[in-house]
Amino acid sequence: MELNAQIKKYRTELKLSQEELAEKVYVTRQTISNWENGKSYPDIHSLLLLSSLFNVSLDQLIKGDIETMKEIISEQEVKEFNYYGSIFSIHFVLLILSAAPLFMWLEQYALIPLAIFFAITMYWALKVEKIKKKNDVQTYKEIVAFCEGKKLDEINKLVESGKRPYQNVLKVIISAVVTAAVCFLVGLLMHLFLK
């Protein structure tokens with residue numbers, strides 16, 4: 001039995017209206033309606049209150065819906081990952097494209113807005129990395145599978161985890177090249193505009 005049916009069943013057994021149940025678990029009547037119609041799921045705090053109120057174990061209450069809840073959580077994380085990744089990509093491109101115009105316009109003071117913009121870009125990068133770390137997603141193949149809401153099978157996961165040390169070395173090399181190029185560009189611009 002699904003959680004929405006369980007909540008409705010136990011609520012009617014206790015002869016409670018949706019509004020009365022909402023008051024007891026500190027939510028709105030509309031929230032109870034959404035739970036019972038399967039439009040949303042209660043958070044853990046609400047589940048504990050429902051379990052206590054209905055005098056059933058948490059396991060009994062959510063039996064059969066654990067996998068569905070995992071899929072919804074995973075789907076939400078994929079959406080967040082794609083959203084944060086898009087914002088990071090846009091900020092990164094804008095950061096690179098704005099360097100030369102800012103130096104032409106503000107000369108040496110261009111470092112101030114660039115530093116602020118860089119900090120904002122890194123904030124979004126950290127949000128992406130947090131989701132990647134939480135879901136143990138590092139390689140390109142793992143990221144693509146995660147973005148599609150899929151998981152790699154055990155064999156592919158082992159193959160990909162074997163690639164990680166090599167990819168870490170590659171990340172360091174690419175980071176060094178990009179840093180050198182940015183430093184060269186900034187130095188060149190400063191040299192041209194501070195003459």
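Q: Over the face of which residue does K9 lie?
A: This is a predicted model, in which local features need pLDDT of at least 70, side-chain atom pairs count only at pLDDT 80 or more, and totals for chains, interfaces and linings use all residues. Residues are numbered from 1 along each chain as its sequence is written, and side-chain values use heavy atoms, leaving out hydrogens and water. A charge sits over a ring if NZ of Lys or CZ of Arg is within 6 Å of the ring centre and within 35 degrees of the ring normal. K9 is 4.7 Å from the ring centre of the residue it covers, Y10.

Q: How many salt bridges does the structure hold?
A: Side chains of opposite charge can pair when their charged atoms come close. A salt bridge here is a side-chain nitrogen of Lys or Arg within 4 Å of a carboxyl oxygen of Asp or Glu. The number of salt bridges in the structure is 3.

Q: R11 and E36 tie together parts that are how many residues apart in sequence?
A: R11 and E36 form a salt bridge, with their closest N and O atoms 2.5 Å apart. Helices (H or I, at least four residues) and strands (E, at least two) are DSSP runs, numbered from the N terminus. R11 lies in helix α1 (residues 3-13) and E36 in helix α3 (residues 29-36), so the separation of the tied parts in sequence is 25 residues.

Q: Are R11 and E36 buried or exposed?
A: Relative accessible area decides: under 20% is buried, over 50% is exposed, and in between is partly exposed (1.4 Å probe, protein chains only). Both R11 and E36 are buried.

Q: In which helix is K134?
A: E77 and K134 meet in a salt bridge, at 2.6 Å from N to O. The pair links distant parts of the chain, 57 residues apart: E77 is in helix α6 (residues 66-106), and K134 (residues 111-134) is in helix α7.

Q: K132 and E129 are separated by about what?
A: K132 and E129 form a salt bridge, with the closest N and O atoms 3.0 Å apart. K132 counts as buried at 9% relative accessibility, while E129 counts as partly exposed at 37%. Both residues lie in helix α7, 3 places apart, so their separation is about one helical turn.

Q: How are the rings of Y83 and W124 paired?
A: A pair of aromatic rings is described by the distance of the centres and the angle of the planes. Rings of Phe, Tyr and Trp (its six-membered ring) pair if their centres lie within 6.5 Å; planes under 30 degrees apart count as stacked, over 60 as edge-to-face and the rest as tilted. The structure holds 6 aromatic pairs. For Y83 and W124 the centres are 6.5 Å apart and the planes at 90 degrees, so the pair is edge-to-face.

Q: In which helix is W124?
A: Y83 and W124 are 41 residues apart and link distant parts of the chain. W124 is buried, with a relative accessible area of 16%. Y83 is in helix α6, and W124 is in helix α7.

Q: What kind of pair do the rings of Y84 and W124 make?
A: At 15% relative accessibility, Y84 counts as buried. The ring centres of Y84 and W124 lie 5.6 Å apart with planes at 40 degrees, so the pair is tilted.

Q: Which residues form one aromatic cluster?
A: W124 pairs with Y83 and with Y84. The cluster consists of Y83, Y84, Y123 and W124.

Q: Which element gives the most to the nonpolar patch?
A: Patches are made of residues with over 30% relative accessible area and no salt bridge: like charges are joined within 9 Å, nonpolar side chains (Val, Leu, Ile, Met, Phe, Trp, Tyr) within 5 Å. F92, I96, L170, I174, V178 and V182 form this one on the surface, with about 490 Å² of accessible area together (Shrake-Rupley method, 1.4 Å probe; for residues, only the protein chains shown count as cover). Elements giving two or more residues are α6 and α9 (154-193). With 4 residues, the element that gives the most is α9.

Q: Which residues does T121 touch, not counting residues up to four places away in sequence?
A: T121 is in helix α7 and counts as buried at 0% relative accessibility. Contact means heavy atoms within 4.5 Å. Leaving out residues up to four places away in sequence, T121 touches F88, H91, F92 and L95.

Q: What distance separates the C-alpha atoms of A22 and S33?
A: A22 is in helix α2 (residues 18-24) and is buried, with a relative accessible area of 3%. A22 and S33 are 11 residues apart along the chain, and their C-alpha atoms are separated by 9.4 Å.
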